[in-house]
Amino acid sequence: MFSSMRWRIIFPYTLLILLSVAGMGFFLSNDIYQAQLQSLQDRLTDDALLLSDSLLNDKKDELTSGQPLTADARYWAGLLDARVTIIAGDGTVLGESHQDIEGMDNRLNRPEVQSALEYGIGTNIRYSQTVKYDMLYVAIPILQNQEVIGYTRVSLPLKEIEANQAQVRNKIIIATIVAASLGGALSIVIALRITHPLRTLTQEAQHMTQEETTRHLSSTRRDEVGQLTQAFNALVKKLQSQIHALQSEQGKLASVLEKMTDGVVIADRDGDLILFNAAAERMFNTRAEMAVGNSLAKILRQHQWIELWEQCKQTGQEQSSTLEISRQGSFIQGIALPLGDALPEHILMLFQDLTRIRRLETVRRDFISNISHELRTPLASLKALTETLQSGALDDPPAAGRFLGLMETEVDALSHMVSELLELTRIESGQVPLELKTIFPRDLLTLANDRLKMQAERAQVKLILECSDDLPAIQADPPRLGQVMVNLLHNAIKFTPANGEVTLSAHQQGEMIEFIVQDSGVGIPADDLPRIFERFYKTDRARSSGGTGLGLAIARHLVEAHGGKIWVESIEERGSTFHFTIPRK
Ligand code: ADP
């Protein structure tokens, strides 16, 4: 409380007034006392001189012979209204107004008598044993021809002056108290006037920090407080704009972190997480609220990541490593970077999911090896046939004709493959515009059924068509969707042994029409299922069979170009079911 500015004003003010009034009063009362004392002294001096003169004139003999003068002393005391003592030149008391002189000792050594002897007048204030209170004594020598023949001493009690003095002191004390109270009250008013706006300002500032809101403080004052309020308002405004700028920066940063596909994690010097973005949540299957504040080891779980963090912490250098999580079939690259001055001893860890890139690399590698493989077989047989012709078969026209026929078959197969590849590339790059027409699912199925009926019969596979007539029409490019149907049906017949069945069907599935080609053939191994729609991909079993491995890739692209989806379900040795959907008209 006393540390507040208000009290710092009130206390010194009041104390100052108190001290100055009290000091002034003290000096004043002292002065009055001295003045009164002086006037009393002057009066007693006059009285003593008068008495001395009278005694010198009338009682010279008594004085010199040492006769008692008590009656004179009493007479003069009555006249002067004071105590009167008449002393002989040797100090013997000859007359005393207020006491019997019998037994009174010599007065020569009294200070006032000594002073009178020395300086011609002597005064002294002391406690009188005779009358029992403070007295002012004034003594004058009685001189005859420059010789001291006696002394007159007139004295009065100081009671009166002291009573006066006490009265003055009381008045001064009262005046001091009144002045101090008035001064105190005035200082309170002044202190309040000065501190009130400051208190309001402080309260407003406290409100703002508690409510976390900002408002403009109004002040009509033009003094320092008004200037302070204005400065405060300007400060708040500046702070507000800085906070806004920071918030928008933070918002940008947060949305970048949120939308990033890479996992971003920041760990402090103890390895506790302070940041965990959405991608990291997905990668490590942990909510950010759970992760932040927890240790790196607990959340990232893999010891490689903890080692990476430790290496980065020890070396202060960027570290990276790749981890294959075979359980999820994914590849993750982790990079640990020290954050330097921005956040000392904090380490930023970035996690990139390389699974897709790795998969694409594998697809590309496989594609090259597959295409080389597909080209090698016809090219090798063409080379063999050419060599046979060169080494003499040309001279045997029937054999040469047969060889040329075989060569033509190989060249046809090659050109078929090249044209399929070209077709696929064109579809993939969107160079084949679809010519959409309204067709009914049943017509599409019937067309495919008719085209492959003969092939199915040859393979002794039963072809079944199941489709109701009232299925709604679809919007599709008939030759292209027909090609999808034929590709699927062709595969189904090819991979179904004799006496097997292939069923073609279609039904409505919400806004889509779903087409199904189901066979009771060899099926597809589970490991191959995810890759079956890739270019040139063939199961081990189909590797020796004819076919380029491009049919399903073409089918997938065409279905997707129509806005549909294609997928397969299969159990080895039981058969496969290919589904694809096309939106309704
Ligand atoms: P291909 O011209 O070799 O038939 P596809 O792209 O049409 O090429 O098929 C790719 C591979 O998918 C085939 O080689 C085969 O291994 C497998 N496959 C496709 N359809 C079936 C099916 N109905 N039954 C079993 N395997 C199939």
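Reader: Let's start with helix α5: how many residues does it have, and what distance does it reach from its first C-alpha to its last?

Author: Keep in mind that this is a predicted model. Helix α5 covers residues 159-211, which makes 53 residues. At 1.5 Å a residue you'd expect 78 Å, and the helix comes close to that, with a reach from first C-alpha to last of 73 Å.

Reader: Where in α5 does a kink lie?

Author: Look shortly before the proline P197 in α5.

Reader: Now the ligand. Which residues around the ligand come nearest?

Author: There are 20 residues around the ligand. Of these, the ones that come nearest are N491, D519, T539, G549 and L552.

Reader: What is the distance from an oxygen atom of the ligand to a polar backbone atom of L552?

Author: L552 is one of the residues that come nearest to the ligand. Here the backbone is what counts: a polar atom of it faces an oxygen atom of the ligand at a distance of 2.7 Å.

Reader: Which side chain has an N or O atom 3.2 Å from an oxygen atom of the ligand, and which has a polar atom 3.3 Å from a nitrogen atom of the ligand?

Author: Take the oxygen first: at 3.2 Å from an oxygen atom of the ligand you find an N or O atom in the side chain of K494. For the nitrogen atom of the ligand, the polar side-chain atom at 3.3 Å belongs to S576.

Reader: What percentage of the area that the ligand exposes alone does the protein bury?

Author: Taken alone, the ligand exposes 530 Å². With the protein around the ligand, the buried part of that area is 96%.

Reader: Which elements give two or more residues to the shell around the ligand, and which gives the most?

Author: Three names to look for are α14 (478-494), α15 (551-561) and β17 (575-583), each giving two or more residues to the shell. The element that gives the most, with three residues, is α14.

Reader: How many residues of that shell are nonpolar, polar and charged?

Author: Start with the charged residues, of which the shell has three. The others divide into eight polar and nine nonpolar.

Reader: Is G91 buried or exposed?

Author: You'll find G91 in the loop between β1 (83-88) and β2 (93-96). Buried means under 20% relative accessible area. G91 has 0% relative accessibility, so it counts as buried.

Reader: And A342, is that one buried or exposed?

Author: A342 also sits in a loop, the one between β9 (330-338) and β10 (347-353). Exposed means over 50% relative accessible area. A342 has 67%, so it is exposed.

Reader: What is the phi of E345, and where does E345 lie?

Author: E345 lies in the loop between β9 and β10. With a relative accessible area of 51%, E345 is exposed. E345 is a residue other than glycine, yet its phi is positive, near 65 degrees.

Reader: How far apart in space are L300 and T286, C-alpha to C-alpha?

Author: L300 lies in helix α9 (residues 296-300) and, at 2% relative accessibility, counts as buried. In sequence L300 and T286 are 14 residues apart. In space, their C-alpha separation is 9.1 Å.

Reader: How far apart in space are V84 and G95, C-alpha to C-alpha?

Author: V84 has its place in strand β1, and at 0% relative accessibility V84 counts as buried. V84 and G95 are 11 residues apart in sequence, and from C-alpha to C-alpha they are separated by 7.9 Å.

Key:
Residues numbered from 1 in each chain as written. Predicted model: local features only at pLDDT ≥ 70, side-chain atom pairs only at ≥ 80, totals over all residues. Heavy atoms only, no water. Helix = DSSP H or I, 4+ residues; strand = E, 2+ residues; numbered from the N terminus. Expected span 1.5 Å × (residues − 1). Bend = angle between axes of the 7 residues up to and from the residue. Near = heavy atom within 4 Å. Polar contact = N/O pair within 3.5 Å; in protein donor to acceptor, adjacent residues only side chain to side chain. Areas by Shrake-Rupley, 256 points an atom, 1.4 Å probe, with all protein chains shown as cover. Nonpolar A, V, L, I, M, F, W, Y, C, P; charged D, E, K, R; others polar. Buried < 20%, exposed > 50% of the residue type's maximum accessible area, 1.4 Å probe, protein only.
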